[in-house]
Amino acid sequence: MRFRRSVLFKAINRLGWLYDSLLWKFRFILPVSGGGYVTKPEFAIGITTFLNRFEPSFNPLVSKLVFLFPDTLVIVAVNGSTRRDEQLEYLSELREFCVQYRNLVLIAYEEPRGLSHLWNRIMKEAGNNPVLMLNDDLRIKTGFRKFICHA
């Protein structure tokens, strides 16, 4: 009996993620655009990322976050790499992507830094605001803002 519940729960969970991914494809129908939010978050969002994470992880996450939180500062810290030529090309691609978002701040490094250094830079950039620190490989659902703001 327990095995059936587990399998059923997993199937329902996957269907939920599939449904939500379809909602993201048609985000223009989501009731979360513009300034229609009741409460403005009083925090910043921090994301750390590194080389070769743009397409599979970073791009989708940032696109969703700036859609859900247009009124919230998003701070991105990009770690450096020992592969200098690839890193410079990656940083160029990231800068080009990030300039399209008015609420996004990019902190970029050419040389590798420790993760705690990146976190500290994000917190310093946020000033007195608390920071919601996220990994770049996180998947979020369309209800993420409601979950965070009303939890």
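This is a predicted model: local features need pLDDT of at least 70, side-chain atom pairs count only at pLDDT 80 or more; totals for chains, interfaces and linings use all residues.
1. Ground rules. Local features need pLDDT of at least 70 and side-chain atom pairs pLDDT 80 or more, while totals for chains, interfaces and linings use all residues. Numbering starts from 1 along each chain as its sequence is written, and side-chain values use heavy atoms, with hydrogens and water left out.

2. Fold. The chain has 5 helices and 4 strands. Their order along the sequence is α-β-α-β-α-β-α-β-α. Helices (H or I, at least four residues) and strands (E, at least two) are DSSP runs, numbered from the N terminus.

3. The chain has 151 residues, and 39% count as buried. Buried means under 20% relative accessible area, exposed over 50%, and partly exposed in between (1.4 Å probe, protein chains only). The accessible surface is about 9800 Å², with 56% from carbon and sulfur atoms. Areas come from the Shrake-Rupley method with a 1.4 Å probe; for residues, only the protein chains shown count as cover. Among contacts with a separation of 6 or more, 81% join residues 24 or more positions apart. A contact means heavy atoms within 4.5 Å.

4. Salt bridges. The whole structure holds 3. The criterion is a side-chain nitrogen of Lys or Arg within 4 Å of a carboxyl oxygen of Asp or Glu.

5. Arg145 and Asp71. Their side chains form a salt bridge at 3.0 Å, N to O. Arg145 sits in helix 5 (residues 144-149) and Asp71 in the loop between helix 2 (54-68) and strand 2 (74-78), so the pair ties together parts 74 residues apart in sequence. Arg145 is buried at 4% relative accessible area. Asp71 is partly exposed at 28%.

6. Arg84 and Glu110. This salt bridge spans 2.6 Å, N to O. It links Arg84 in helix 3 with Glu110 in the loop between strand 3 (104-108) and helix 4 (115-126), 26 residues apart. Arg84 is partly exposed at 43%, and so is Glu110 at 35%.

7. Glu86 and Arg83. Here the N to O distance is 3.7 Å. Glu86 is partly exposed at 38%.

8. Surface patches. Patch residues have over 30% relative accessible area and no salt bridge; like charges are joined within 9 Å, nonpolar side chains (Val, Leu, Ile, Met, Phe, Trp, Tyr) within 5 Å. Leu15, Leu18 and Leu22 make a nonpolar patch with about 300 Å² of accessible area together. Leu15 lies in helix 1 (residues 2-25) and is exposed at 55%. A negative patch gathers Glu55, Asp85, Glu89, Glu93 and Glu96. Asp and Glu count as negative, Lys and Arg as positive; His and the chain ends are not counted. Helix 3 (residues 84-98) gives the largest share, 4 residues.

Key
The place of a charge is taken as NZ of Lys, CZ of Arg, CG of Asp or CD of Glu.
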